[in-house]
Structure formats: C-alpha cells, structure tokens
Amino acid sequence: MKNAVSEAHAKYLRRIRRDARTVVLSRVAVLLGFLSLWELGADLGWFDPFILSSPSRVLKTIVRLYADGALWLHIGTTLLETVLGFLLGTLLGALIAVLLWWMPKLNRILDPYLVVLNALPKIALGPVLIVWIGAGTASIVVMGVLVSLVVTTVTVLNGFLAATDEKQLLMRTLGATKLQIFTKVVLPAGVPDLISALKISVGMSWVGVIVGEYLVSKAGLGYLIVYGGQVFKLDLVMASVTVLCILAALMYYAVAFLEKKVRT
Amino acid sequence: MQSELMKLENVSLAYHTLAGETVAIQNLNLSVLDGEFLAIVGPSGCGKTTVLSLIMGLMRPTSGSVRFSGKDLRLGYMLQRDHLLDHRTVEKNVLLGLEVQHRLTEQSKARAFELLDTYGLGDFRTYKPQQLSGGMRQKVALIRTLALEPDLLLLDEPFSALDYQTRLNLCDEVCRIIRSEGKSAVLVTHDISEAISTADRVAVFSARPATLKTVIEIGFPKDMPPLERRSQAAFHDYFDRIWKELQP
C-alpha cells in the first residue's frame with residue numbers, strides 16, 4: 001500500500017487496513033467456529049456422529065482414502081470429467097454463439113428453442129443419455145457439457161449482440177465487412193462476457209458431472225457420495241463433500257485469476 | 001466560382017414500418033461546394049441525420065439521386081458519440097478506419113500519428129479511451145476520421161453529447177482543424193449558434209417531411225474561428241433570421 005501523505009490520510013489508511021484485517025479474521029473465525037461446534041456437538045453427544053459425522057471423522061476418512069490410494073483415483077476421475085465437460089461445453093457454446101451471431105435469421109428461428117433448452121433442467125435428460133451413450137464416463141462428460149453449453153451460448157451471444165448494437169454504425173461508416181466487424185469489435189468486446197460465462201459454466205459443469213456420477217459411475221466423488229449414502233457411511237459422504245468444496249473453490253478461483261489476467 | 005463536390009438532386013426518402021410509411025425527406029435539392037463548410041439546421045426528428053446517411057451511402061434514396069464530382073471521392077463520417085473501442089489504445093483507435101479499408105501503410109500510419117501530435121493528443125497515444133475526457137475522446141474520433149484523408153467530412157451533431165464549455169472549446173478546435181486541413185464539411189446540428197459559428201452556408205430544413213426552406217450565406221471570413229464569430233454584431237442578425245425560418 002502507498003505511504004500516507006498526511007496525518008489524516010495515515011488515519012484513513014489505518015482504518016482501511018484494519019477493516020481488511022477484520023474481514024479476514026472474521027472469515028477464519030466463522031470456519032473455526034463452525035468446525036469446533038460440529039466437533040464439540042459430536043463429542044458431547046448433542047447429536048449422533050453416525051448420522052452427522054464430525055470434522056475429526058471426516059479428516060480420518062480422507063486420510064484413510066489417501067492411504068489406500070483411492071483418494072486420487074476418485075478426485076482424478078471427477079476432475080477429469082468436469083474439466084472435459086467444462087472445456088467442451090464452453091467451446092461448443094461459444095462456437096454456437098458465433099454461428100447465431102453470424103446468421104441473425106437462424107438466431108430468430110431458434111430463439112424459442114434456446115429459451116426452452118435454457119429453462120429445462122438438463123439433469124432430466126440423464127436417463128436418456130445413459131440409454132443413448134451407455135452407462136459410462138462418456139455419459140457423465142456429456143451431462144457436464146449439456147449443463148454448461150446452453151448457459152454459455154446465451155451469455156456469449158448476448159455479449160456479442162450488445163457490442164454489435166453499439167458499434168455497428170461506426171463500422172459501417174468506415175466501410176467494414178461483417179468479418180471485420182466480428183474480429184475487430186464483437187470478438188474483443190465479447191471477451192469479458194466469455195469469461196463471465198466461464199465463471200458460470202465452471203459451476204454448472206460440477207453440477208452436471210456430480211449428477212452424472214450419481215446415475216452411472218464406478219469411481220469419482222459423486223460415486224463416493226451416493227455409495228456412502230447407500231451403505232450409511234456418512235463419514236464418507238461428508239469427506240467427499242468436503243473434498244468437492246475444496247476442488248470447486250480452487251477451480252472457480254483459477255477462472256477468476258484468469259479473468260483478472262485478461263482484464264489487465 | 002467554387003465547383004460542386006456533391007449534389008443531392010430531387011432526393012426523397014420514405015421509411016417503411018409495420019404501421020405504414022413515413023416520408024422523411026421530400027424533393028431535396030442541395031449541393032456542397034469544394035472547400036466549403038455547410039451546416040444543416042432543422043427541428044429535431046426532421047431527417048437531418050438521414051441526409052448524411054444518404055450521402056454516405058448507408059441508405060438509398062427512394063427517388064432522386066446523390067451525385068459526386070469525382071468517382072473516387074472519399075467520405076469521412078463523424079458520429080454524435082465517439083464510439084471509441086475500449087479494448088484499443090488511442091493510437092489503435094485512430095488506425096481503425098485505415099485497417100478496415102486495408103490502407104494501413106507506414107505512410108498513412110505516420111500521418112495519423114502526426115495528426116495526434118499536431119492536435120495535442122501525442123502524449124496520450126498509449127492511453128485507453130476510458131482514461132480520456134469526453135472532449136478528448138471526440139477529438140480522437142475526429143482524427144480517426146481525418147486519418148482516412150476524406151475529401152468531404154460528414155459531422156452528425158458531433159458536439160451534442162458534451163457539456164457546454166467543452167462543446168464550445170471543442171467546436172472551436174475542430175473547426176480550426178477542418179479549416180487547416182482544407183476539408184469540405186457538412187455539419188448537422190439543431191443548435192443555431194453552432195451552425196452560424198462554424199459554417200459558410202446554413203441550410204434550414206422544415207419539419208418532417210424535410211424540405212429545404214432556405215440557404216443562408218454567412219458573411220464571416222472563412223478562417224474566423226467560431227468563438228470570435230459568436231462575438232460579432234452580425235451573429236445575432238443571422239440567429240434571428242434562422243430562428244424565424246425555423247418557426248412552423
């Protein structure tokens with residue numbers, strides 16, 4: 001941070017720093033408070049740890065999974081499916097957005113279908129996918145793709161159209177072709193929208209993949225959660241959810257980091 | 001006698017909407033002379049901007065014709081808003097038109113940068129548009145247009161989105177630039193004072209459908225800057241004449 005230029009400014013800077021510190025400390029306090037209440041409640045018998053598990057049991061489960069080598073298998077499976085679903089969904093979604101931008105008539109014709117597809121809970125298609133594609137990884141990835149695809153298309157297309165409205169007249173007065181309008185104005189202006197779409201679809205892909213794993217899978221965090229629920233091993237469920245929390249947060253921050261890089 | 005650069009002959013234009021047909025311009029005859037600054041004033045919504053779109057070729061007249069003195073006459077259009085691209089620096093914005101028209105050479109680039117230097121924007125070449133004031137942005141937009149070396153500049157209310165002080169200063173500066181570059185220009189405005197302070201001739205349009213009511217010759221020397229014109233005694237006489245013409 002910059003050095004103070006006056007007494008009052010120093011006071012102002014101190015206040016800003018103090019506020020920032022308070023926020024960070026409070027965040028840590030919330031987490032620690034939650035974890036210790038949970039642990040304490042289990043130890044003191046406020047609730048049955050067999051049903052609600054406890055932080056120490058979650059930790060033990062994760063360590064055990066790590067020890068017998070299963071942890072990386074499940075994390076790897078889910079992560080691979082999610083990253084694949086996310087990348088394919090975003091890429092396809094962006095390409096469809098480009099196509100619809102290029103052909104306004106097609107966009108007009110397909111608009112109601114896009115609206116319906118956007119509103120439809122894609123998860124409902126799960127059983128259909130299994131029948132069509134088979135009970136395996138492919139179905140799970142396709143689920144991840146489907147869930148992120150439509151939202152990407154809609155977000156990116158709207159970004160493109162907004163940029164077009166704005167600058168179309170200027171480009172026409174300069175005598176620009178459609179391709180030039182796209183490459184020089186619409187695409188660069190659409191980059192921030194593309195990144196907001198990434199942020200949304202990264203979360204969406206997790207949803208798609210976990211649900212996909214609920215339906216068909218032999219490995220993965222979604223599989224562990226369902227399996228744990230079925231055999232009443234709530235420690236396993238909670239441990240998987242905890243790992244999932246960490247992974248999802250890491251992936252979100254990776255995209256947010258990318259966003260910061262691109263914007264500056 | 002100056003030669004005619006561009007001529008509108010019996011031009012009419014009708015817009016079509018679901019509700020019907022709106023005649024925007026009716027039997028318009030108007031020419032722009034080489035080296036002149038022509039202002040068009042008229043009530044708002046009367047189709048002044050449409051005239052510029054017709055000259056630019058963005059629209060085709062329903063009847064009548066738009067003629068130019070030479071086939072390869074180059075046109076430059078300046079819009080009400082600067083429309084600078086946020087993701088490009090000032091210098092990249094200035095080169096946009098040249099890029100689009102595949103005329104970006106070392107020479108044309110050097111000339112565009114020279115314009116930036118001459119008109120006080122040289123130090124801002126690597127800035128992003130968001131870092132500039134409204135007046136500076138509009139000046140960058142003008143240089144983007146001038147970089148194309150147009151023979152005829154079409155100015156579509158280029159100052160109306162600015163605050164009053166910036167507006168007077170920028171108008172003064174833009175006029176100097178246009179005069180010193182020896183360009184011909186058509187300025188569309190609803191501001192009578194702006195028209196008198198910039199133009200050699202003022203064309204007064206009627207309300208829709210737009211017809212040409214009259215053309216008033218402004219007797220100030222061509223190179224007298226707008227702010228100086230505003231303090232002349234004759235300024236108010238011109239104002240009154242145009243004001244009366246504009247009354248329905």
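Q: What makes residues of chain B count as in contact with chain A?
A: Two residues are in contact if their C-beta atoms, placed from the backbone, lie within 7 Å. By that rule 11 residues of chain B touch 13 residues of chain A. Helix α3 (residues 96-100) of chain B gives the most to this side, with 3 residues; helices here are DSSP runs of H or I, at least four residues, numbered from the N terminus. This is a predicted model, where local features need pLDDT of at least 70 and side-chain atom pairs 80 or more, while totals for chains, interfaces and linings use all residues. Residues are numbered from 1 along each chain as its sequence is written, with chains lettered from A and ligands numbered from 1 in written order.

Q: Why is Tyr227(A) called partly exposed?
A: A residue is buried with 20 or more other C-beta atoms within 10 Å of its own, exposed with 12 or fewer, and partly exposed in between, C-beta atoms being placed from the backbone. Tyr227(A) has 16, so partly exposed it is. You'll find Tyr227(A) in helix α9 (residues 221-230) of chain A.

Q: How do you know that the radius of gyration of chain B agrees with a compact globule?
A: The radius is taken over C-alpha atoms, and the globule rule is 2.2 Å times the number of residues to the power 0.38. For 248 residues that gives near 18 Å, and chain B has 18 Å, so the two agree. The C-alpha trace of chain B spans about 50 × 45 × 40 Å along its principal axes, and buried residues make up 38% of the chain.

Terms used
Helices (H or I, at least four residues) and strands (E, at least two) are DSSP runs, numbered from the N terminus.
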